[in-house]
Amino acid sequence: MHPSGVAHEKAKTLLIDAQRSLEEGRFDDARRSIEDAFALHPEDEKVVELYQQILLADGVRLTRVARDLRRDEIRALEKRERGSHRDSDDVREAFLKALESFDKVLMANPRNSKALMLKSGTLDRMDRPGNREEVLALFDQALAIHPDNEELLYARGRILGPCSHCGGPGFCADCQGSGEVSGLFVRRRCPSCKGSGVCVHCGLF
Ligand SMILES: [Zn+2]
Ligand SMILES: [Zn+2]
């Protein structure tokens, strides 16, 4: 068989492995298999499709990991320090890792509007004022591909409009981003953000 034919056969086997891993809930294995399959044969339609799906889902998951890490850091601070919280390098790196997944999808398919939207959501969550221009540019890119997409228009409005609830930074106003509130005797999960520490009125995650 021609060497490229061998690579394609191997990619197909890896694709099946990835599908099986997904079905069995082994997400890390699925990601590994589909990344290998894509590296071997990026032209196979089914491989490219599942590659994008898995990496998008992982990007969302990794964004949540970064967000939770930040919340835990805020939680560890004294109440009066919470307003002036700054992200640690760990939080920054966690967000960058999520962005890497979205960038891989966009490298495979620059017209994937879901990836453009999710990437801008993560950039916004990471640093709203600092990434504002890039966030806007990504939405413009996505809207150029799908001008009438309501999900995009809605998400854009959600991210860009000034938030009357948190005043803009994207942290839950009721717990200052710590995800917990003081009850009578114990601290309990913040009911407004369900413990995420994130303002639920703005942002995509
Ligand atoms: Zn808000
Ligand atoms: Zn809260």
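Me: Which residues have the most contacts inside the largest nonpolar core, and how many residues does that core have?
Reply: In this predicted model, the largest nonpolar core has 45 residues, and A18, I34, A37 and C172 have the most contacts inside it.

Me: What about domains, where does the core draw from?
Reply: Domain 1 (44–161) and domain 2 (163–205) each give this core at least three residues.

Me: Back to A18. What is it in contact with, leaving aside neighbours within four places in sequence?
Reply: A18 is in contact with A30, S33, I34, A37, L50 and I54.

Me: OK, α1 then. Which of its residues are buried?
Reply: A11, L14, L15 and A18 are buried in α1. They sit on the same side of the helix, because the arc they cover around the axis is only 115°.

Me: What covers them?
Reply: The cover over the buried residues of α1 includes α2 (27–40) and α3.

Me: And which exposed residues are on the face turned away from the buried side?
Reply: On that face α1 carries G5, V6, I16 and E23, which are exposed.

Me: How does the end-to-end distance of α1 work out against what it should span?
Reply: It agrees: helix α1 (residues 3–23) has 21 residues, so at 1.5 Å a residue it should span 30 Å, and its end C-alpha atoms are 31 Å apart.

Me: What does the backbone do just after α1?
Reply: G25 takes a positive phi there, about 75°.

Me: Let me zoom out. How many helices and strands does the chain have?
Reply: Seven helices and two strands. Along the sequence the pattern reads α-α-α-α-α-α-α-β-β.

Me: What does the C-alpha trace span?
Reply: Along its principal axes, about 70 × 40 × 25 Å.

Me: What share of the chain is buried?
Reply: Of the 205 residues in the chain, 35% are buried.

Me: And what share of the contacts comes from residues 24 or more positions apart?
Reply: Counting contacts in the chain with a separation of 6 or more, 58% are between residues 24 or more positions apart.

Me: Switching to the domains. How far apart are the C-alpha centres of domain 1 and domain 2?
Reply: They lie 19 Å apart. As for what touches, 17 residues of domain 1 are in contact with 16 residues of domain 2.

Me: Which helices supply the side of domain 1 that touches domain 2?
Reply: α3 (45–76), α5 (113–126) and α7 (150–160) each supply at least two residues of that side. α3 gives the most, with six residues.

Me: How do the residues of that side divide into nonpolar, polar and charged?
Reply: Three are nonpolar, five polar and nine charged on the side of domain 1 that touches domain 2.

Me: I've got R128 picked. Where does it lie?
Reply: R128 is in helix α6. With 18 C-beta neighbours inside 10 Å, R128 counts as partly exposed.

Me: What does R128 touch, not counting residues up to four places away in sequence?
Reply: R128 touches G168, P169 and G170.

Me: And how far apart are R128 and R67?
Reply: In sequence, R128 and R67 are 61 residues apart; in space, C-alpha to C-alpha, they are 13 Å apart.

Me: Now Q176. What's its phi?
Reply: Phi of Q176 is near 55°, a positive value in a residue other than glycine. Q176 is found in the loop between α7 and β1 (180–182).

Me: Is Q176 buried or exposed?
Reply: Q176 is buried, because 22 other C-beta atoms lie within 10 Å.

Me: What about K194, what's its phi and where is its place?
Reply: K194 also has a positive phi, near 55°, and is a residue other than glycine. The place of K194 is in the segment after β2 (187–189).

Me: And K194, buried or exposed?
Reply: K194 is exposed, with 12 other C-beta atoms within 10 Å.

How values were computed. Residues are numbered from 1 along each chain as its sequence is written. Chains are lettered from A and ligands numbered from 1 in the order in which they are written. This is a predicted model: local features need pLDDT of at least 70, side-chain atom pairs count only at pLDDT 80 or more; totals for chains, interfaces and linings use all residues. Domain bounds come from an automatic or database domain assignment. Two residues are in contact if their C-beta atoms, placed from the backbone, lie within 7 Å. Helices (H or I, at least four residues) and strands (E, at least two) are DSSP runs, numbered from the N terminus. Ala, Val, Leu, Ile, Met, Phe, Trp, Tyr, Cys and Pro count as nonpolar, Asp, Glu, Lys and Arg as charged, and the others, Gly among them, as polar. The expected span of a helix is 1.5 Å times one less than its number of residues. A residue is buried if 20 or more other C-beta atoms lie within 10 Å of its own, exposed if 12 or fewer, and partly exposed in between; C-beta atoms are placed from the backbone. The arc is that of the directions from the helix axis to the C-beta atoms. A nonpolar core is a set of buried Ala, Val, Leu, Ile, Met, Phe, Trp, Tyr and Cys residues joined through C-beta atoms within 7 Å.
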